[in-house]
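Please have the sequence and the model at hand while reading.

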Amino acid sequence: MFDVIVIGGGPGGYLAAERLGHRGKKVLVIEKQYMGGTCLNVGCIPTKTLLNSAKHYLHAKEAGQFGVHTDNVSFNMTEMMSWKEQVVKTLRSGVTASVKKCGAQIIEGTGVIVAPGSVKVAETGETYQTKAILVAAGSVPAMPPIPGAKGNPAVVDSTGLLSVEACPERLCVIGGGVIGIEFASLFGTLGSQVSVVEMMDEIIPPMDKEQAPLLRKALHNTTFHLGCKVERLEGGTVHFTTKDGKQESVTADLVLMAVGRRSETQSWGGKEIGVDITPKGVNVDDRMRTNITGIWAAGDVNGRSMLAHSAYRMAEVAVNDICSYLDGTENRDLMRYNAIPWVVYSIPEAAGVGMTQQEAESKGLAVKTASVPMLVSGRFIAENGTRAPGTVKVVVDVQTDMILGVHILGPYASEMIWGAAALIENEMRVQDVKQMIFPHPTVCEAIREAIWSL
């Protein structure tokens with residue numbers, strides 16, 4: 001008998017196992033493929049590893065402006081992929097070791113709930129009993145039913161594109177969300193001619209509408225077709241209809257299907273035992289509880305916020321509630337979504353947290369905004385030159401002076417955004433931030449300058 005069985009060994013699953021182990025619970029993790037889940041194996045980590053290689057290549061090519069001269073700069077895709085695999089294997093081993101160190105048991109297989117408190121491993125038929133179940137089954141790439149896509153050798157998803165043996169001369173990306181833009185940036189930086197076909201009028205839905213065009217302009221070798229609906233594929237040719245009804249097409253060596261991901265709600269038996277599953281994912285409350293007592297769901301599987309760092313926090317909320325359930329204690333911890341940062345690890349990066357100006361105004365809020373270029377930072381100029389794109393925008397409530405949103409475009413955005421999230425999470429006002437001391441010289445001073453420019 002286990003205290004908790006965790007289905008899925010991705011960010012939500014393995015962190016939950018560690019936290020439960022630290023609290024003395026007997027835990028079983030059932031993972032059908034690799035510990036670390038999509039993020040570590042075919043998502044966040046491998047893409048960032050390859051993007052870093054692309055950055056080294058780009059920086060070497062541009063080093064002359066900083067007084068460093070290199071000749072015959074080149075990249076080797078095979079070596080890049082080998083380094084990516086080394087990083088993934090190292091981190092995967094680390095995750096497995098951390099989970100086991102906390103006393104949790106790991107079984108490779110597909111966990112299927114046969115009844116509350118009972119989980120079967122599909123491959124072996126072995127059934128395990130438990131007092132609580134946490135479903136952290138993650139998500140899978142969404143594949144829309146576009147005519148000519150299924151079985152097309154020219155079409156790949158993000159997993160397939162992470163294993164290409166050569167950089168394609170021409171790449172067409174269907175979808176202008178985070179995944180599509182990161183891959184467009186990666187291969188565009190390496191020299192591919194990239195076309196992005198996006199149904200919406202702008203890329204990256206959560207991005208501020210003033211910054212999104214700046215990101216598009218900054219991406220190397222990339223052409224955008226916005227407001228376009230893909231009609232069909234013929235080999236590597238993508239046929240689409242523009243917003244004004246014209247029929248156009250793009251031909252590429254590879255076509256990346258990057259229209260997002262969907263919650264994995266099929267493999268673990270939720271529907272069969274009556275778990276409330278919506279088109280977005282498993283329906284949960286703010287403690288990650290499902291409609292069935294003794295079953296929780298955290299991470300991509302519930303569709304509330306499909307980000308690895310959201311899964312981490314959801315796992316912690318679920319663990320606190322599970323331990324309260326097992327120990328008969330009170331739990332006051334709740335999941336809050338208003339201060340979850342997002343990041344696009346393109347070249348340059350983009351990140352944001354809280355509301356955009358457009359979101360705030362659509363809610364009827366009176367706001368004031370300020371945008372400053374990252375060129376206000378001496379360190380930014382020293383390390384990136386005077387032509388590198390970069391801007392920080394803050395959104396503030398006129399009545400309360402409370403900071404509602406912070407949006408950053410440019411190098412280091414991913415490392416700066418956590419501080420902005422802390423400002424929003426703690427409901428800080430403009431005056432509060434003005435009294436803070438930022439280290440100098442740093443790029444994050446641009447946030448301070450934006451606040452003061454209000």
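In which kind of crossing does helix 1 pass helix 4? Helix 1 passes helix 4 in a left-handed crossing, a term used when the near helix is turned anticlockwise from the far one by less than a right angle. The model is a predicted one, in which local features need pLDDT of at least 70 and side-chain atom pairs count only at pLDDT 80 or more, while totals for chains, interfaces and linings use all residues. Residues are numbered from 1 along each chain as its sequence is written, and side-chain values use heavy atoms, with hydrogens and water left out.

Helix 1 (residues 11–22) and helix 4 (residues 77–101) pack at an angle of about 30°, their axes being 8 Å apart, and they are therefore roughly parallel to each other, the word for angles under 35 degrees. Y14, A17 and E18 of helix 1 make the contact with V95, S98 and V99 of helix 4, where contact means heavy atoms within 4.5 Å.

The structure holds 24 salt bridges, each being a side-chain nitrogen of Lys or Arg within 4 Å of a carboxyl oxygen of Asp or Glu. Among them are these pairs:

| Pair | N to O distance |
|---|---|
| K368 and D401 | 2.9 Å |
| R448 and E449 | 3.6 Å |

K368 lies in strand 22 (residues 367–373) and D401 in the loop between strand 23 (391–397) and strand 24 (403–409), so the pair ties together parts that are 33 residues apart in sequence. R19, R313, E316 and D333 are linked in a network of salt bridges.

Key. Axes are lines fitted to C-alpha atoms, for helices over the stretch in contact, and angles run from 0 to 180 degrees between N-to-C directions. Helices (H or I, at least four residues) and strands (E, at least two) are DSSP runs, numbered from the N terminus. Angles under 35 degrees count as roughly parallel, over 145 as roughly antiparallel, 65 to 115 as roughly perpendicular and the rest as oblique.
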